[in-house]
Amino acid sequence: MKSLASLALVLFLAGCEGRHNWLAAAGEEARSVETLFWVLLAGAAVIWSLVIGAATYAHRAEAKPEREQEARRFILWGGVALPVLVVGGLLVWGLLILRDITADDGALTVRVDGERWWWRVIYDTPEGLVTTANEIRLPLGERALFRLTADDVIHSFWVPALGGKMDMIPGRETTLALTPKRLGNWGGLCAEFCGGAHALMRFDAIVMEPEDFEAWLAHEAQPAQVDEGDPGFAVFDEEGCGACHTIRGTNAQGPVGPDLTHLAARDKLGAGIYEMTPETMARWITETHEMKPDIDMPAYPDLQGARLDALVTFLMSLE
Amino acid sequence: MARSRDRKTVPPGDAPRVIDQGSVWILVAAPSIWAAHFLLSYWVAAIWCAKLGRGTSLAEPRWIIAGLGGLCIAAIIGLAVLAIRRYGGVFVIFEEITESSERARDRFVGHLALLLCVLSAVAILFTVIPGMVLGEC
Amino acid sequence: MTQEIDLSKLPPAEPYDKARDEAQRARLMKVWQTPTGWRRISAVNNSSVGKWYLLTSFAFFTFAGFLALLIRAQLAVPNNDLLSQGLYNQLFTLHGTAMMFLFAVPIFEAVAILILPEILGARDLPFPRLSAFGYWCFLIGGIFVCGSVFFGVAPDGGWFMYAPLSSDPDYSGLGADIWLLGLSFIEVSSIAAAVELIVGVLKSRPPGMRLNLIPLYCWYVLVVAGMILFAFPPLIAGDLLLEMERAFDWAFFDPDRGGDPLLWQHLFWIFGHPEVYIIFLPSIALIATILPTFAGRPMVGHSWIVLSAVGVAFLSFGLWVHHMFTTGLPEISLSFFSAASEAVSVPTGIQIFCFIATMLVSKVRRSVPMLFAGGALAIFVFGGLTGVMVALVPFDWQAHDSYFVVAHLHYTLIGGMLFPLFAGVHYWYPFVTQKKMSDKLGRWSFWLMFGGFNLTFLPMHWTGVMGMPRRVWTYDVTDGWAVLNMVSTVGAFIFAAGFVVLAVNVLWPRGKAPLVERNLWNAGTMEWSAEVPDKPWGVRSIPYIHTRYPLWEQKGLLGEMDRGEWFLPDAEEGKRELIITDILDARPLYVQRVGGPSYLTIGAAFCLGAVFILATFHLWTLTLLFGAGFAGFTLWWLWTGTAEIPEKSEKEAGRGLVLPTYAQGNSSPGWWAVFITMTGDMTAFMGLVFSYFFYWTALPDFLPGAAKLPGFGWLLLGLALLLAGWATGLLARERLARGGPAQAMALLLVGVPLGAAGVGAWCWAAWRAGLDATETSFDATVWVLILWLGLHLLLDAVMRLYVAARIWRGRCTPRYRADCVNLTLFTHFLALTAVVIFALLALFPMLMGVA
């Protein structure tokens with residue numbers, strides 16, 4: 001019993017941290033569900049104890065045939081009337097929350113397109129579209145509307161700390177409204193199995209002060225600062241990276257892979273799975289499929305020494 | 001309603017009696033009405049929202065669904081009256097009908113049908129709730 | 001026809017005569033003997049087939065459980081590289097697939113085949129060879145699907161195979177084909193079992209067992225088999241569409257060509273959610289049978305439990321979209337399914353309250369089966385409560401596809417299905433083997449499994465709350481999921497250890513252990529009337545039943561049965577005989593002769609298996625050859641084993657009861673089997689009709705312009721021809737009944753070209769309009785509807801030739817014409833199918849103002 005209690009305590013404490021936690025109360029939508037969760041959990045604990053208590057008592061008690069009518073009333077009230085009221089009430093409450101957390105508009109519109117296995121992120125700004133990938137920054141306290149699509153297979157967009165998930169379905173556009181309420185770097189995940197590297201399809205959802213966010217977005221909208229004759233860019237160009245990747249402000253305009261214009265400004269590499277460091281970048285280029293199996297990007301194991309260093313230095317300069 | 005005990009002279013036949021005394025259709029009738037109402041409600045709302053787009057008001061479908069629900073519950077009440085007659089008219093909901101006779105079998109079917117009527121009516125009420133709470137597609 | 005029979009006023013039995021008793025026993029033994037040695041595989045009796053079914057299901061369970069351990073081992077620590085990404089994806093797909101399709105559903109069939117006839121005091125099910133056929137299909141299909149993992153080509157798209165991941169050959173390989181065709185094949189065996197069990201409960205009850213006296217187990221079997229009949233066919237329709245897209249590039253799920261990936265989800269979950277209850281109800285049925293035994297009294301609220309079973313069966317068909325809450329459907333649509341998901345908890349709860357009430361008024365004997373039943377209750381109630389949570393849309397938006405749902409589904413399935421099943425294993429083991437399992441090992445296995453289970457899955461709810469999505473093969477230490485996952489892994493191995501103890505307890509050789517006494521638990525249901533040691537005939541004579549718990553409430557019944565004082569105590573004609581009774585009051589209608597051991601069923605199953613396996617590899621010529629082999633074996637089986645003209649038109653069935661030995665129309669089980677099978681077939685067809693309307697609702701321009709519609713004139717001509725073909729079937733039946741076999745044969749044969757011309761006219765109409773199934777979803781839908789009809793017409797043609805040949809050879813006569821009557825029943829459904837297709841292709845576009 002004691003070990004159970006301590007286990008419960010460990011679990012409880014473990015649940016209070018974690019960047020993917022539903023109960024982190026980092027978003028308005030998540031908070032609504034959090035309330036629901038605690039009420040349901042408490043209710044479930046009470047009901048479970050009562051039912052199992054009744055069963056245990058009934059199993060141990062002596063035969064009482066004279067209590068048949070009582071047993072039948074127990075079925076009628078406990079098994080019929082009470083459940084109808086409880087689940088009916090929960091249904092209404094659930095619907096009210098549903099009505100509150102769905103919205104068709106937001107202060108900010110972000111289009112996210114699920115790809116195998118990364119996220120194309122496009123901010124809808126009055127000045128036009130701003131494309132980035134695998135990292136979503138959001139202003140604190142403002143409702144963001146996500147317009148979700150997918151090209152290849154079904155994915156699902158989920159930032160547990162901010163709110164619920166929504167599938168991204170080829171041929172359809174779905175929407176999800178999220179209103180961040182706490183600053184921080186919250187984890188985002190693909191929740192619908194999409195084959196291969198589904199487990200490694202992550203992103204960071206970073207909640208910022210609105211003014212910081214505006215500055216970041218303005219910077220993100222700028223083209224990259226690439227020096228004429230940068231040796232790293234020369235390698236990038238020679239190896240044909242631009243056929244798939246775009247670096248705005250250069251001749252690299254490939255639409256297939258993630259936009260790299262401000263690659264080094266992102267926290268993570270490889271769709272939210274590795275720290276953005278020169279070392280991981282070098283490995284990513286040479287040992288791509290050990291880093292993330294099955295992905296379409298080819299590995300460049302022959303790219304070594306000075307050329308690799310130049311390329312990594314160049315990529316890490318794309319802030 | 002004719003009582004089965006008067007039926008000594010009727011040859012049993014081998015078909016399941018579908019319509020008259022001894023019929024078992026009454027067992028699936030009430031849940032089938034629920035199913036019909038459920039599917040109709042789903043179709044009304046799905047076609048309404050698919051053809052008119054998101055954000056459309058649900059005022060009309062709401063009342064269509066509730067109206068259909070009312071009709072269905074009325075039909076179920078009708079069934080329940082039939083069921084109570086077959087059951088015997090005594091509302092002892094926990095009676096165990098274990099006698100081996102046609103009349104007992106008939107009463108059992110009536111009892112079961114009555115319970116299914118209640119369950120189906122509750123389920124229909126549950127189906128009407130969403131339209132009342134949600135205002136638009 | 002039969003006269004009104006008052007079973008309570010039959011003449012008394014003849015005085016006991018030892019010599020007669022022994023002679024009768026010897027004849028029964030000769031007729032019902034199970035073949036020995038390697039010939040044993042030709043056995044068809046329910047006790048043999050049931051045992052094989054049970055052991056095979058548990059073998060697949062062990063296999064799938066082993067996969068689960070590999071999964072847990074991989075997830076034990078963060079960034080583990082024990083398994084590769086590709087292998088892990090295969091393992092979890094196969095784990096879910098095997099548990100659902102190769103264990104949970106087949107085990108229901110296995111248990112029902114094994115104990116249902118005995119609970120009904122019957123000697124066998126009405127179609128023993130069909131059960132055997134179903135078993136061999138299951139074995140072949142299961143080995144095919146599971147074996148694929150050893151070649152690295154197991155399905156890897158998750159057990160619900162969402163399109164486009166599963167439909168586009170760029171994203172999925174052979175594994176998806178193996179999944180689709182292998183499981184379609186197994187679904188055939190499930191539907192075969194469902195037909196068998198429905199007819200068994202409706203028509204094979206012992207004389208006198210009226211509707212109000214049917215044991216609870218049989219109600220559940222009836223309800224669940226009925227659910228299978230309505231739930232599996234939509235998946236078969238979905239499988240057909242998905243495989244047509246994979247193999248021939250038909251446009252069903254590709255959004256670029258007017259397809260929609262969500263259609264697969266609808267068709268899958270229309271099957272998939274009732275499936276959960278198809279798994280759960282039969283196990284609850286086991287508890288409903290075990291509990292009264294240990295409580296020593298009838299169940300309190302018998303009709304309430306029947307209400308729950310029927311109510312759950314219906315409501316469970318209104319839940320499917322709750323697996324699709326996050327697909328962006330309008331909130332109002334989601335809410336209906338949320339409402340039904342909440343409503344279904346009411347009848348589910350009633351059953352549990354009835355169990356508790358029964359225990360409340362009685363003194364419950366402690367036993368291992370009751371221990372497992374109690375564990376089941378504790379686990380299942382928890383799973384049910386989390387089910388109420390995830391049925392709420394906003395909650396589900398967080399919980400969906402996370403480990404919370406993984407925990408929830410394991411709580412419901414293991415609590416609602418596995419633990420009751422283990423209770424049943426301990427309870428019925430003496431019934432099957434006449435030996436008793438060790439109680440000590442039983443308790444050990446219970447506590448290990450109960451503890452291990454909760455240690456695995458209770459923390460898993462929290463893993464889900466911490467945001468871990470399901471189906472991920474690895475995670476990082478910074479995710480904060482490491483401790484919880486390690487705990488779950490440890491729990492899984494403890495759980496597995498408990499299962500090993502149970503398996504040892506079951507498989508332990510008990511050759512020298514003493515036999516148990518007869519009815520050792522002092523149960524009230526008929527299966528415990530079996531003599532010890534048991535006899536292959538099941539019951540010595542089939543008794544008259546007039547109570548719910550005959551062994552408690554009908555004093556002296558065992559003695560009367562053993563002395564052969566009841567029905568069919570003998571087998572003078574050397575045939576396996578059953579009594580068929582009516583649905584309402586179980587009045588005896590006739591004596592059915594059923595087939596004995598046969599290799600034909602194995603041949604048919606082997607060929608059908610080959611058809612599905614070869615189709616996976618697109619070896620079309622061989623597929624056709626084996627298809628012909630399947631048809632050949634099946635026809636041979638039907639020709640030699642069904643609707644045989646009896647040597648005498650009626651026989652003495654005991655106690656002065658004289659019953660006919662042949663039946664046709666709706667008093668024969670064969671008619672019911674055709675009716676039920678075709679109901680399932682119509683349901684699959686309704687899946688296609690649903691697809692048509694789904695596209696119409698979801699796509700604004702699904703219906704093409706008038707020029708692209710099949711021509712109305714040709715469609716009408718085709719319909720007229722098809723209906724004329726149907727009319728020939730009806731007329732043939734009438735002519736045969738009036739003594740005109742030659743005319744009947746001619747009419748049957750004329751129907752074949754009429755049908756071919758009818759479907760030909762439709763093909764021509766579609767062809768002329770330039771419909772190309774690889775172009776748009778509309779074209780593909782039209783072609784699949786015509787294909788569906790064409791396949792049925794092919795079957796119709798084969799059956800017409802078969803019946804004509806039976807008439808020619810004098811095996812189907814004006815007096816004994818069951819084959820012809822059953823064929824006509826089939827053609828009714830065919831005509832209905834044709835009319836509906838006509839309405840979809842010709843009338844609906846007109847109604848929408850397109851044509």
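The charged end of R655(C) is placed over the ring of W566(C), 4.2 Å from the centre of that ring. A second contact of this kind crosses between chains: K51(B) lies over the face of W696(C), at 4.7 Å from the ring centre. These values, like those that follow, were computed from a predicted model.

**Aromatic pairs**

Over all chains, the count comes to 109 aromatic pairs. Two of them, both in chain C, are set out below.

| Pair | Geometry | Centre to centre | Angle between planes |
|---|---|---|---|
| F372(C) and F419(C) | tilted | 5.9 Å | 40 degrees |
| Y695(C) and F702(C) | stacked | 5.5 Å | 25 degrees |

The pair of F372(C) and F419(C) links distant parts of the chain, its members being 47 residues apart. F372(C) belongs to helix 11 (residues 368–390) of chain C, and F419(C) to helix 13 (residues 403–433) of chain C. Both F372(C) and F419(C) are buried. In the other pair, Y695(C) has a relative accessible area of 0% and is therefore buried. F702(C), at 4% relative accessibility, also counts as buried.

**Cysteines**

A disulfide is a covalent bond between the sulfur atoms of two cysteines. The structure holds one disulfide over all chains. The bond joins C49(B) to C137(B), with an S to S distance of 2.0 Å. The pair connects distant parts of chain B, 88 residues apart: C49(B) is in helix 1 (residues 25–52), whereas C137(B) is in the segment after helix 3 (102–133). Because the torsion about the S-S bond of C49(B) and C137(B) is about -85 degrees, the disulfide is left-handed. C49(B) and C137(B) are both buried.

C117(B), by contrast, is in no disulfide; the nearest cysteine sulfur belongs to C72(B) and is 12 Å away. With a relative accessibility of 2%, C117(B) counts as buried. In chain C, the sulfur of C354(C) is 18 Å from the closest cysteine sulfur, in C218(C), which is too far for a bond. C354(C) counts as buried because its relative accessibility is 0%.

The size of an interface is often given as the accessible area lost when the parts come together. Chain B and chain A bury about 1100 Å² between them, and 78% of this area is on carbon and sulfur atoms. On the chain B side, the residues that lose the most area to chain A are F94(B), F126(B) and V133(B), which together account for 51% of what that side buries. The contact takes 11 residues from chain B and 13 residues from chain A.

The count of salt bridges between chain B and chain A is one. A salt bridge is formed by the side chains of R72(A) and E96(B), with an N to O distance of 3.4 Å.

**Surroundings of N89(C)**

N89(C) is located in helix 3 (residues 85–119) of chain C. Its relative accessible area is 3%, so N89(C) is buried. Apart from neighbours within four places in sequence, N89(C) is in contact with residues of two chains: F193(A), G195(A) and G196(A) in chain A, and P155(C) and D156(C) in chain C.

Technical notes:
Residues are numbered from 1 along each chain as its sequence is written. Chains are lettered from A and ligands numbered from 1 in the order in which they are written. This is a predicted model: local features need pLDDT of at least 70, side-chain atom pairs count only at pLDDT 80 or more; totals for chains, interfaces and linings use all residues. Side-chain values use heavy atoms; hydrogens and water are left out. A disulfide is a pair of cysteine sulfur atoms within 2.5 Å. Helices (H or I, at least four residues) and strands (E, at least two) are DSSP runs, numbered from the N terminus. Buried means under 20% relative accessible area, exposed over 50%, partly exposed in between (1.4 Å probe, protein chains only). Rings of Phe, Tyr and Trp (its six-membered ring) pair if their centres lie within 6.5 Å; planes under 30 degrees apart count as stacked, over 60 as edge-to-face and the rest as tilted. A charge sits over a ring if NZ of Lys or CZ of Arg is within 6 Å of the ring centre and within 35 degrees of the ring normal. Contact means heavy atoms within 4.5 Å. Buried area is the accessible area (1.4 Å probe) that two parts lose on being put together, summed over both. A salt bridge is a side-chain nitrogen of Lys or Arg within 4 Å of a carboxyl oxygen of Asp or Glu.
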